[in-house]
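Subject: Structure handover

Hello,

Here is the structure for your work. My notes follow below it.

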Amino acid sequence: MRWIFFILLLLQLALIACSNSESASSDEEAPEEVDVVIPEPSDSLLQDTLTRDSLIKNSLQKDSLARIDSLARIDSLFKARNLLLIYAKDLTVELGTDLPDARVNERPAMKVKFNYDFYMSRHEITCSEFNALMKKAAGLALECTSESLPAVNLTFYDAVLFANERSKKEGFDTAYTYLAKSFDSEKHCINLEGFVYHPEMESYHLPTEAEWMLAAQSNWDAEKSWTADNSEYKLHPVCSKASEDELCDMMGNALEWVNDWLGNFRDTLVTNYVGSPDGGALAQRVVKGGSFRNQASAISLYSRGDVYSVTSSTRGDYVGFRLAFGKIPDALWMGNSGRVASSRITPLANSSSVYAHANTYKAKLAFRNDVSGNLAFVDYSNGTLSVVEIVDSIDVYHPDISPDGNHVAFSTMYEGLDGKSAVYVRDLNEEGSNLVKLEVESAAIPRWRVLESGDTAIVYVTNAANNKDEATFRSTSTWQVIFANGKFGTPQKLFDGAFHGGISSDGRLAVSGARLLRARVSERDTVWYNGEQACNVSLSKDGSNRTLFLDFGSSTGRNFVGERYSTHGRLFVTDSLGKLIQSVRAPAGYTFDHTEWAGNLNLVVATLVNTNGSHRKIVLLDLQDSSFTELAEGEELWHPNLWVYSEPVVAEDPSIDVDSAGVYFTPQGGAAAVILRYKMELLWKFKDTANVAILGSSRPLDGIVPLSLDTCFFALNLSNVPNMMATSDYLLTNYVFPHFNKLKFVVVSLDIDLWYHPETETYNFFSQEYENYPGYVYDRNHDFWKEGVPKELARLTEESLGLDFYQERFIESRGYNYEPSGNWDSAPFVENDSMWMTELSANYYASLEHLKNILRIAEEKGVFVVGIIFPQSPAFKETGSFGRYGIRRSEAPALIEEIRTLEQEYPHFHLWDENKMGEHDYTDEMASNEDHLSYPGAIQLTTRLDSLLKVLSK
């Protein structure tokens, strides 16, 4: 029997691979060696055997030939799927670096420990592998010059969808969930609304940065990598420099997406780190490993980014990915605050989904994270959603956002509990600044209210306990206190009884819950709902005086809906007299809790509680059609409050489509789109004032300070990244020249080392990407308003979706991007082939034609054009390259001279060379990196530009 048992067990391990089972130790004599038949690799077997660590843990004895044979066969399965096991358990890897010249988001070094093993794709996913799955699943087929080349020019979400498809194909659950998908015209996925990564799922996923680093540090070999030193600046077949049994191309070939949001590190040790819980203000992603475009000496293990900001919708012809497989137990996230969390709160619905119900982007969701006891919030006016948690030692219950959306009031006790409570108000920002306490004996459940006088007040109760007992209820009272200029006024008693469900604007109706649905109607107290239990009572703010509440499956509710239901299984609404008028059933598998009216709309915000009693989701319920929109997901989310700006975006002119006019950014947009969104706001706002327009790449963006020009020059810095001459030409031809009535000067950067890009690439925003944003299409379809700009367009643009980070950076500065001092880099790297003019001269001359078109129109209008060649590191003189992106130094002077001859054909053109082949006087302090100016350098260049413009004016 013993032998049969051992044979059956070994067969079970080979064929079934029971996961997460622990072996029992035994001191008994080992069994004799037996032959075990292992089936050949197949998709179905792969599902059963991918947990190879189970075989190890459950092995009968370490030297068993049967076990060795079975593991060898299992290894063949992994190799057939190009998966290699990474023995990570109990190992530690270091992310980031302590090098002082590294980027801020790469410092300091942080240690990550693993308590699990995982599998990694041996190579980057190939073009043929990608197309085999995604052509059918999403209609996306990449162009393959060779099937064995890495799949590139795809978004993070494209890679995520591939991982899901591979999991499904091989019979696993998926690691990624989402509510809706958005695609561009080429069928690339540019957004997954409600995107959530589930590390606990055993499935395919993009490797976390920690997983990638652990695998890479043992497979980091420049001699076996395709870099700019040997690649001829093109992709090569995967593993073409590697042996058969090793991970390949961790350095070079294609830059690789990894799973993490780009968060900050801190000097600590964490276990099973999976990155930042969300994308923060900029929603940037991590990419690793460098590409064929980078010199090996310029590629570091710790590097986490690219030349420009990388978001989930970014694409590049040098960016690909590989997969990892397995689950991550007890995963830890760490936000930019440095706080480590074993759970995270994920925003689900994006700004556009909230807009569809609220008709405005100006909306904020505040709630209690019951795991931490802290206040958390989401700002939907920010195109990139991030959950901000205000960390302190004060318990937060029943948060209520002020009418202007800038403050939040909360109490330290919640509905139904007896005892003393305090009410606080703080600013609704990341710091939770200006915390103020209402100094009274006890105050609970605050609600904001605007008085007839125009003053803003807070209504509160002295005790929020169970209101069923009449005497106890009468011992409480309802108060009101004005809040202005960050201070409380003198509290005033309104009436006896704790009516914490809200007071109507005229004061004639007040309601309360917590066992009985009490109402105060025209100074008389009554009990509604036939005296049956009710809670979570909320009075509407739209003037209808409807009351929202939950019950306990009472007979009154059953009679109204005509069926039985569980406690909190339905939401009820009464009219102003307490008569039931509506009921909505909770979604399947959930009940309601913490219901509140949202703004002054026909919307309700609530938490959904699962069968285990966990408050897992916050939803928005539209009472007009009983539809639900999921807003957030987490472990315990309590007391949601949704503030909505009381005046939705409308246009006085009914012919203007407010869903399109001025909407130059959407939640799917990346860095290029959001930067241009604010440049368009400046453009429409100051089109009748500006007389200087600055356009170009990140070099003038960082290098020209409009506010430092003489007051006779009103300049707008409309530069954007990434940028080619085609983008500047499009903006000037369609927007600036037709609408800047006082235009005298156009300043444009001549980034000749960047002119190797074809116009169809992402460096030209207006080649295709602009079609993803309705504002540009709307402008195009109205001939760019050449017959007259709608007077509301500037306002609609200002009120459209954006990112606070860029609003703060660009609007007050009129488009300038401040950069602190760094240095020129004494050993700069050439990031592209310096000989590209040999094969890509057509691209160069296409950019030159765009410059000529700008000059032609400017000449017709009598507008001066100053073309600036910006300074770059003087050390490029030692490289044989003109600048960061190439062209040989030997050919640069002739090209510059060719541009200078345009001064003869176009008298209003002036070429201004501030680089002078590296012989300039911009010091290290004046540089932020090898080809960008810092603020001191920008001031020097702007001062000189001011003098030049004055000379040209004469």
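How many helices and strands does the secondary structure of the protein chain come to? The count is 20 helices and 52 strands. Both are DSSP runs, numbered from the N terminus: helices are H or I with at least four residues, strands are E with at least two.

Two notes on the basis. This is a predicted model, where local features need pLDDT of at least 70, side-chain atom pairs count only at pLDDT 80 or more, and totals for chains, interfaces and linings use all residues. Residues are numbered from 1 along each chain as its sequence is written, and side-chain values use heavy atoms, with hydrogens and water left out.

Overall dimensions

The C-alpha atoms of the protein chain fill a box of roughly 95 × 95 × 45 Å along the principal axes.

Buried residues are 58% of the 954 in the protein chain. Buried means under 20% relative accessible area, exposed means over 50%, and partly exposed lies in between (1.4 Å probe, protein chains only). The protein chain exposes about 37,800 Å², and carbon and sulfur atoms supply 47% of that area. Areas come from the Shrake-Rupley method with a 1.4 Å probe; for residues, only the protein chains shown count as cover.

Now contacts, meaning heavy atoms within 4.5 Å. Take those in the protein chain between residues at least 6 apart in sequence: 66% join residues at least 24 apart.

A helix pair

Helix α5 (residues 127–138) packs against helix α6 (residues 156–169) at about 90°, with the axes 10 Å apart. So α5 is roughly perpendicular to α6. The cut-offs are under 35 degrees for roughly parallel, over 145 for roughly antiparallel, 65 to 115 for roughly perpendicular, and oblique for the rest. Axes are lines fitted to C-alpha atoms, for helices over the stretch in contact, and angles run from 0 to 180 degrees between N-to-C directions.

From α5, the contact uses Glu129, Phe130, Leu133, Met134 and Ala137. From α6, it uses Asp158, Leu161, Phe162, Glu165, Arg166 and Lys169. These residues divide into 6 nonpolar, no polar and 5 charged. Nonpolar covers Ala, Val, Leu, Ile, Met, Phe, Trp, Tyr, Cys and Pro; charged covers Asp, Glu, Lys and Arg; the others, Gly among them, are polar.

Arg166 of α6 is buried, at 9% relative accessible area. Leaving aside neighbours within four places in sequence, Arg166 contacts Arg81, Ile125, Leu133, Tyr204 and Leu323.

Backbone points

A cis peptide bond joins Arg107 and Pro108, with omega about -5°. Pro108 sits in the loop between β2 (92–95) and β3 (110–113). Another cis peptide bond joins Val721 and Pro722, with omega about -15°. Pro722 is in the loop between β45 (715–717) and α13 (725–739).

His398 is not a glycine, yet its phi is positive, near 50°. His398 lies in strand β21 (residues 397–401) and is buried at 12% relative accessibility. Asn434, also not a glycine, has a positive phi of about 55°. Asn434 is in the loop between β23 (423–427) and β24 (436–437) and is exposed at 55%.

One more residue

Gln940 belongs to helix α20 (residues 935–953). At 18% relative accessibility, Gln940 counts as buried. Not counting residues up to four places away in sequence, Gln940 touches Asp921, Tyr922 and Met926.

Best wishes
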